[in-house]
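Open the model in your viewer and keep the selection tool at hand. The stops below go from paired side chains to single residues.

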Amino acid sequence: MTSLVGTGVLLPFNLRRDRLMIPVWVAVNALMVLSMPNTLKGLYGTAAERADLLRQVATNSSFRALIGPVFDDSLGALTAWRVGVYAGALAAATGLLVVVRHTRDEEESGRQELLSSGVVGRRASLTAALLAAAVANGVLALLVTAGLADQGGAGALAFGLGLAAVGMLFATTAAIVAQLTESARLTRGLTAGVLGAAFVLRAAGDSASTDGSSVLTWLSPLGWLSQLRPFAGERWWVLLLFAAAIAGQGTLAYVLAGRRDVGMSFVPTRPGPPSGRLGTAGALAWRLQRGAVLGWSIGFFLAGVVYGGLTDGVADLVGDNDKAREIFERMGGHSGITDAFLASMTGMLGLVATLYVVASVLRLHGEETSMRAEPLLANAVGRLRWASGHLVITFAGSALVMLLAGLGFAVGYGKEVGPVLGACLVQLPAVWVIGGLTVLLYGLAPRLAPLAWGAAGAVLLIGWVGPALDVPQPVLDLSPFGHLPKLPGGEMEWGPVLVLLALTAVLVAAGLAGLRRRDLTT
């Protein structure tokens, strides 16, 4: 067991480094799940209303593709149906980010080589990373189980364990990919691609059958989560599928980790292009971030197509349910259920786009801490020029993904292209405020830069959960998205938009001024 020596020291160190990221991601996920029973109770308070919902979902393949099939009309089963897919995807994202951060990120920065020079086994870092992911998913499982226990103890336990199992399955997927590739960026991208493929397979399978019996559903771990059927006659044996997959992938990751040198990979990195194509700071930034821009662009376009395709059926799904109509109106305005739905969905994509801008800005932090920025800045490249190359990609890239989301809505909805495009693009000032805050944190105090993830998580929580819980308007106004005009259908208000743009400019300017004056991270 010498290959595991040092794991007990590395695990507390990893948890300390993630003392902000893990609590934020777990809290957002848990609150999203635990807020749903009361919301659903207000929406579908009677057995007749819940039975009618089941009939509507059974006849609407688009909603099954988006959310999944529903197997029972209890509040617990409806909760697992309504948030299961997205809570599972969020748990998967948490697991893969934690593992990549403490494996390939450490090797790419050179810190792992220093650790390995001490009394640290070959597989200790991988074990500590997987244990950190297990801690995150274990806490999530405990919170969900305890919070939903009043809906049924067995169902709550099954749902909590299912979410944790999805998170650990993708954590072990990331562990394998980390052995195959030499870049942390590529590791995240490939694992996220696997998660996206799992979502698409589940969506295709669930749209084709009302009970999730499609082969495509069973090919996706997210489909396994719904087939666990919490609160609807639990299928405990599905957890054995998760256990077998986690054990198999973990074993493969351990075998690969023991057969390669630190910093190396099984898939060799291709040589870069001729130096002339990387002759500017902007060209280098594009080279480093183009994969992320492409992935987010494709994802937002497809999301727009899906949400646009649901628009015509939303009026039938809401029906005479005043509470559901009220939630859509709180999110999207009072201009009619169709426009309110479009406004709320474009707002949701805007909230998700904050994750892109935070990750893109923090690419600067990664380049600096990995010591790649220092030799670049030792040449005739100033700090502002170097940072501006990345920030152009950040802000222009977010505009591109929201534009493509609008085009996706137009394709799926099939009418009113202009208003839908405007609804997507009007989200940009709020998205850019979060980007500006990230620049400020990075420029003034790079050690605090990860707090930007907390800001993005808070904005997501307010936007997702706030309207459903009927929180006071002052709380909703804490998010920059609370000040945007509700388009389409509402009046365009330029005042708040211009204020948000000015605030973004101030935050970016202050952050760049701080970057220019401070020492580089050592």
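Searching the whole structure gives 5 salt bridges, a salt bridge being a side-chain nitrogen of Lys or Arg within 4 Å of a carboxyl oxygen of Asp or Glu. This is a predicted model, in which local features need pLDDT of at least 70 and side-chain atom pairs count only at pLDDT 80 or more, while totals for chains, interfaces and linings use all residues. Residues are numbered from 1 along each chain as its sequence is written, and side-chain values use heavy atoms, with hydrogens and water left out.

Select Asp18 and Arg101 to begin. Their side chains form a salt bridge, with N to O at 2.7 Å. Asp18 sits in the loop between helix H1 (7-17) and helix H2 (21-34) and Arg101 in helix H6 (residues 75-102), so the pair ties together parts that are 83 residues apart in sequence. Helices here are DSSP runs (H or I, at least four residues), numbered from the N terminus. Asp18 is buried at 2% relative accessibility, whereas Arg101 is partly exposed at 23%. Buried means under 20% relative accessible area, exposed over 50%, and partly exposed in between (1.4 Å probe, protein chains only).

Next, select Arg188 and Asp105. This salt bridge has an N to O distance of 2.2 Å. Arg188 belongs to helix H11 (residues 184-208) and Asp105 to helix H7 (residues 104-109), so parts 83 residues apart in sequence are tied together by the pair. Arg188 is partly exposed, at 26% relative accessible area.

Move to Glu367 and Arg363. The closest N and O atoms of this salt bridge are 3.2 Å apart. Both residues are in helix H17 (residues 337-369), 4 residues apart, which puts about one helical turn between them. Glu367 is buried, with a relative accessible area of 6%, and Arg363 is buried at 16%.

Return to helix H6 and select Thr94. What does Thr94 touch, leaving aside residues up to four places away in sequence? Its contacts (heavy atoms within 4.5 Å) are Trp25 and Ala136. Thr94 is buried, at 6% relative accessibility.

Finish in the loop between helix H13 (221-227) and helix H14 (238-257), where Arg229 is found. Arg229 is not a glycine, yet has a positive phi of about 55°; Arg229 is also buried, with a relative accessible area of 17%. Phe231 is in the loop between H13 and H14 as well. Phe231 has a positive phi of about 65°, although not a glycine, and is buried at 10% relative accessible area.

Notes:
Helices (H or I, at least four residues) and strands (E, at least two) are DSSP runs, numbered from the N terminus.
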